Amino acid sequence: MSMILFACVVRVRDGLPLSASTDFYHTQDFLECRRRLKTLALRLTQYPGRGSAEGRDFSIHFSSLGDVACMAICSRQCPAAMAFCFLETVWWEFTASYDTTCIGLASRPYAFLEFDSIIQKVKWHFNCVSSAQMESSLEKIQEELDFQPPVVLTVEDTDIANGIMNGHTQIHLEPAPNFRMEPVTALGVLSLILNIMCAALNLIRGIHLAEHSLQVAHEEIGTILAFLIPFVACIFQCYLYLFYSPARTVKVVLMLLFICLGNMYLHGLRNLWQILFHIGVAFLSSYQILTRQLQEKQSDYGV
């Protein structure tokens, strides 16, 4: 019997099915599992990036990232690493084929019917190819699962989500990050070090000025903020470089603007070279943030 029995791609915000594999199973237990999968699809915004719902004979595995989630019904014998490796592969194939605008504008179920054949090929690959041939990919996924285990739901959890059972508190779960960025470069490490140094200089000067300005006129408050706001912006630049964040470009421009305006305001307390150094580090960090993208998926097969 195949390990992966059914798979589909859904839109996270409303659970709209976008594409699915062909369904060859019609037992009562499998149809019940399909119903629960549909229930979970409507509630994906409430659950982490990866999760599993265990049943008696079948398991539902789901993995959501951005606007798209992939879901699968697998036999209980299917290893979790294989299931999530399969889901991640389908996700990369789908997002490489369709942009977020097309996905967001889809208004009818199974709008991307032509992708069904891709799901079938990927499903066949994982069901027929031995684990040894996918060893490196499975090991990588297993390491991620060990570090950040997927949430495990029960049959009762899916019923609660569907409103079947009453008198229970709805489950709130912390979303698990599932973004993988490109490796950090040597220039990126340098920008982090320089950014932290600039942040430390701003913090020290700001606190020192605040300690000696408690009795001074309100004009000093602007100078203190001119040190502390760039400090926060420098720290946030470090965060934007290390971790993926939506609307990165807008945030990068805002942080760069805060740093530039703050240093221009400090003209007189800092000489020209000091101002150019802080602004130069801010531009370097901004460039590194914008050029570090999501890691490209390397497939282990051809479809």
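**Strands, helices and cores of a predicted model**

Visitor: In which sense do E3 and strand E6 (residues 151–153) pair, parallel or antiparallel?
Guide: Please bear in mind that this is a predicted model. Strand E6 covers residues 151–153 and is joined to E3 over three bridges. The sense in which the two strands pair is parallel.

Visitor: Over how many bridges do E3 and strand E4 (residues 58–65) pair?
Guide: A hairpin of three connecting residues leads from E3 to E4. Within E4, Ile60 is the bridge partner of Ala53. E3 and E4 run in the antiparallel sense, and their bridges number five.

Visitor: How many of the five residues of strand E3 are buried?
Guide: Strand E3 spans residues 50–54 and is mostly covered. Arg50 belongs to this strand, and Arg50 counts as buried because its relative accessibility is 7%, below the 20% cut-off. Of the five residues in E3, the number buried is four.

Visitor: How far apart in space are Arg50 and Phe62, C-alpha to C-alpha?
Guide: In sequence, Arg50 and Phe62 are separated by twelve residues. Arg50 lies in E3, and E3 pairs with E4, which holds residues 58–65. From C-alpha to C-alpha, Arg50 and Phe62 are apart by 5.7 Å.

Visitor: Which element gives the most residues to the largest nonpolar core?
Guide: This core has 35 residues, and those touching the most other members are Val9, Leu18, Phe86, Val90, Phe94, Phe115 and Phe126. Two or more residues come from each of strand E1 (4–11), strand E5 (68–75), helix H2 (80–97), helix H4 (116–128) and helix H5 (135–147). With ten residues, the element that gives the most is H2.

Visitor: Which residues does Phe94 touch, not counting those up to four places away in sequence?
Guide: Phe94 is one of the core members that touch the most other members. Once residues up to four places away in sequence are set aside, Phe94 touches Val9, Leu18, Val68, Ile103, Phe112 and Phe115.

Visitor: How many residues are in the second, separate core?
Guide: Leu5, Phe30, Ala69 and Met71 are included in this second core, which is separate. In soluble globular proteins, nonpolar side chains tend to be buried together. The number of residues in the second core is 22.

Visitor: Against which elements do the buried residues of H4 pack?
Guide: H4 contains 13 residues and reaches 18 Å between its end C-alpha atoms, close to the expected 18 Å. Its buried residues are Asp116, Ile118, Ile119, Val122, Lys123, His125 and Phe126. The elements they pack against are E1, strand E2 (17–20) and H2.

Visitor: Where does Tyr110 lie?
Guide: Tyr110 has a phi near 55°, a positive value in a residue other than glycine. Its relative accessible area is 32%, so Tyr110 is partly exposed. Its place is the loop between helix H3 (100–105) and H4.

Visitor: How far is the nearest cysteine sulfur from that of Cys8?
Guide: The structure holds zero disulfides. Cys8 is buried, with a relative accessible area of 6%, whereas Cys128 is partly exposed at 47%. For Cys8 the nearest cysteine sulfur belongs to Cys70. That sulfur lies beyond the 2.5 Å cut-off, at a distance of 8.1 Å.

Visitor: What distance separates the end C-alpha atoms of helix H7 (residues 186–211)?
Guide: H7 has 26 residues, so at 1.5 Å a residue it should span 38 Å. Its buried residues include Gly188, Ser191, Asn195 and Asn202.

Visitor: Which residues are in contact with Gln288, leaving aside its neighbours within four places in sequence?
Guide: Gln288 stands in helix H10 (residues 272–291). Because its relative accessible area is 5%, Gln288 counts as buried. Beyond its neighbours in sequence, Gln288 is in contact with Thr185, Leu187, Gly188, Ser191 and Tyr241.

Visitor: How far apart are the end C-alpha atoms of residues 272–290?
Guide: An unreviewed UniProt entry gives the feature "transmembrane region" to several spans, including residues 184–204 and 272–290. Residues 184–204 are 90% helix, with end C-alpha atoms 28 Å apart. Residues 272–290 are 100% helix, and their end C-alpha atoms are separated by 27 Å.

Technical notes: Residues numbered from 1 in each chain as written. Predicted model: local features only at pLDDT ≥ 70, side-chain atom pairs only at ≥ 80, totals over all residues. Heavy atoms only, no water. Core = buried A, V, L, I, M, F, W, Y, C linked by side-chain atoms within 4.5 Å. Buried < 20%, exposed > 50% of the residue type's maximum accessible area, 1.4 Å probe, protein only. Contact = heavy atoms within 4.5 Å. UniProt positions renumbered as here; feature names shortened; annotations may be inferred. Pairing = 2+ DSSP bridges. Expected span 1.5 Å × (residues − 1).
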